Amino acid sequence: MTEVSTPLCTFSGHWEPATYLQARGLSKSFGSQQVLKGVDLSMVEGSTTAIVGPSGSGKTTLLRLIAGFQQPDAGMIELKDKVVAGPGVRVPAHKRAIGYVAQDGALFPHLTVAQNISFGLKGAGGRVGRRGIELKIAALLDMVSLPAGMGGRRPHELSGGQQQRVALARALAREPKLILLDEPFSALDAGLRVATRKAVGDVLSEAGITTILVTHDQGEALSFADQVAVMRDGKLVQTGTPFSVYTMPSDREAAEFLGDAVVLEAMLEGTLATCSLGGIPVRKPSVQGRVSLMLRPEQIRITADGPIKGVVVDTVYFGPETTVRIKLQPAPRVSGTASVGGGEIISIKHWNAAMARPGMELNLRIIGEGVAFPLAG
Ligand SMILES: Nc1ncnc2c1ncn2[C@@H]1O[C@H](COP(=O)(O)OP(=O)(O)OP(=O)(O)O)[C@@H](O)[C@H]1O
C-alpha cells in the first residue's frame, strides 16, 4: 500500500515529484445553474490539497467530478497521465483508484465495523481469502489507531471520531492512490476534531496517498495541506502554499475567508502605504493610489514604545487570548504623501487580558508588510 512519489528527472537535471492529478477547464451545470466555471487544479503525487470556500461555491461538485460520480460538461481530468474524464472519455468511479470519505462517514449502519471495512476489500477485487480479509481488517484498524476488538461493533456504538476512522479504513481498504475527504471532521467537536485530523493526516502521509480535503475551517486547511485552493462562485480564485495564500491573498474576500483581517483605507505610492497605522511597506503592489490595505491582526502589536496610538473601545475574553477593539487616531502624515483614513476601529488579539481596558490609550507597532487591494466599489 505504501507508495512513494515517483520523481521525474527534468532536462535541467533537477528531480521533481510527478504530477498525480491534473484537472483542466472543468465546468459543470445543473439545469440553468453553472456550478463550476473552468476549474484548473494540479496536484503532485503524495501531496495534500485543501479546498476552501463558502457554502455552495462548488467544492463537493469538484470532488464528485474527480471521483467519477458525475461527468464534467467541459474540461478534462487526468490521473497519473491517464485521461479519466473528458470529451468522449468516462472511466467509471470504481476504476479510478480513488477513496471517498464523506462528512458523516456514510458507514452502513446495519453492518459491523469489520463488515464495513471488508466491503471496501471486496471492492478491491476480492483477491484475498477469509483469513486474508481478517488480517487486512486488523491491519487497517491498527492503521487508523482503532483496537481490533472494535471490529464487532456497529457504527451507532462508536463515537463520531471513531466512525470517521472506520470510514477512512474502509476507503483505504481499496488501496486508493487518491483520497477525497469531504468535510470529514466537521461533525466532530473541537478536541476530537483536532485529534482525528492529526490521526488521519498521519495515516495518509505515511501511506504517501495524494489527498484532497474539502473544508470550511481555515485553520484546518492551513495546517493540514501542502496546497490550499480557494474556491468562490465555481472558480478557484487562488491556489498556493498555506503561507502564500494566508500572507498574500489574491483579493479581500480571499483574505477574509482565510482568517481575520484588518482592512484600512490607505494611500499607496510605490511600495509604501500610508494609513492610520502609519507608513506600511507593501509587497509587490499591483495597484497604486487609494487602496484597501490588509494586515493580519497578529501583525499589530501592543508595545510601550509603539509609534501609533489608539484607544481601547472594548474587549472580549477568550482565555488564552483576548480580543481588543481599538479606535485609531487620525492618520499621521508622511512627508510628501496625502493622509487618508483615521478614526477606524480595528480588532486585534492579545494574550494578556489585563493589558487592555476600555478607555485605555495603547501604543501599537506594525510588524511586516501589508497587502494592497483595489478599493471596493
Ligand atoms: N446534483 C445536483 N443537482 C442540482 N444542483 C446541485 C447538485 N449538486 C450540487 N448542486 C448545486 O450546486 C451548487 C454547489 O454545490 P456544492 O455542493 O458543490 O457546493 P459546496 O461548495 O460543496 O457547498 P457546501 O460547503 O455547502 O457543501 C449548489 O447551489 C447546489 O445546490
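Good morning, colleagues. Please keep in mind throughout that the structure above is a predicted model.

I begin with the division of the chain. The domain assignment gives domain 1, covering 7–247, and domain 2, covering 260–374. Taken over C-alpha atoms, the centres of domain 1 and domain 2 are separated by 40 Å.

Let me turn to a sheet of six strands. In what order do its strands lie? The order is S9-S10-S11-S5-S12-S13; the sheet is open and its pairing is mixed. At the edges stand strand S9, residues 98–101, and strand S13, residues 235–240. Each of these two has a single partner strand, so one side of each is left without a neighbour in the sheet. From one strand to the next, the twist averages 15°.

Helix H4, residues 160–173, lies across S9 and S10, and runs at about 165° to S9.

The axes of helix H3, residues 130–143, and H4 come within 9 Å of each other and cross at roughly 130°. On the H3 side, the contact is made by Lys136, Leu140, Leu141 and Met143; on the H4 side, Ala169, Leu172 and Ala173 take part. By class, this contact of H3 with H4 has six nonpolar residues, one charged residue and no polar ones.

I now move to a sheet of five strands. This one is open too, with antiparallel pairing, and its order is S18-S22-S19-S20-S21. Its edges are strand S18, at 300–302, and strand S21, at 345–350. Each edge strand has a single partner, so one side of each is left without a neighbour in the sheet. Direction ignored, neighbouring strands of this sheet are turned by 45° against each other on average.

Inside the sheet, strand S19, residues 308–317, pairs with strand S20, residues 322–328, in the antiparallel sense over seven bridges. Aspartate 314 has arginine 325 in S20 as its bridge partner.

Finally, I come to strand S14, residues 262–269. S14 runs antiparallel to strand S17, residues 289–295, and seven bridges join the two. For leucine 268, the bridge partner in S17 is glycine 289. S14 also pairs with strand S15, residues 272–275, in the antiparallel sense over three bridges. Here methionine 267 stands opposite threonine 274 in S15.

How many residues lie between the strands in the hairpin of S14 and S15? There are two, and glycine 270 in this hairpin takes a positive phi near 65°.

Thank you for your attention.

Definitions and conventions
Residues are numbered from 1 along each chain as its sequence is written. This is a predicted model: local features need pLDDT of at least 70, side-chain atom pairs count only at pLDDT 80 or more; totals for chains, interfaces and linings use all residues. Two strands pair if DSSP finds at least two bridges between them. Helices (H or I, at least four residues) and strands (E, at least two) are DSSP runs, numbered from the N terminus. Axes are lines fitted to C-alpha atoms, for helices over the stretch in contact, and angles run from 0 to 180 degrees between N-to-C directions. Two residues are in contact if their C-beta atoms, placed from the backbone, lie within 7 Å. Ala, Val, Leu, Ile, Met, Phe, Trp, Tyr, Cys and Pro count as nonpolar, Asp, Glu, Lys and Arg as charged, and the others, Gly among them, as polar. Domain bounds come from an automatic or database domain assignment.
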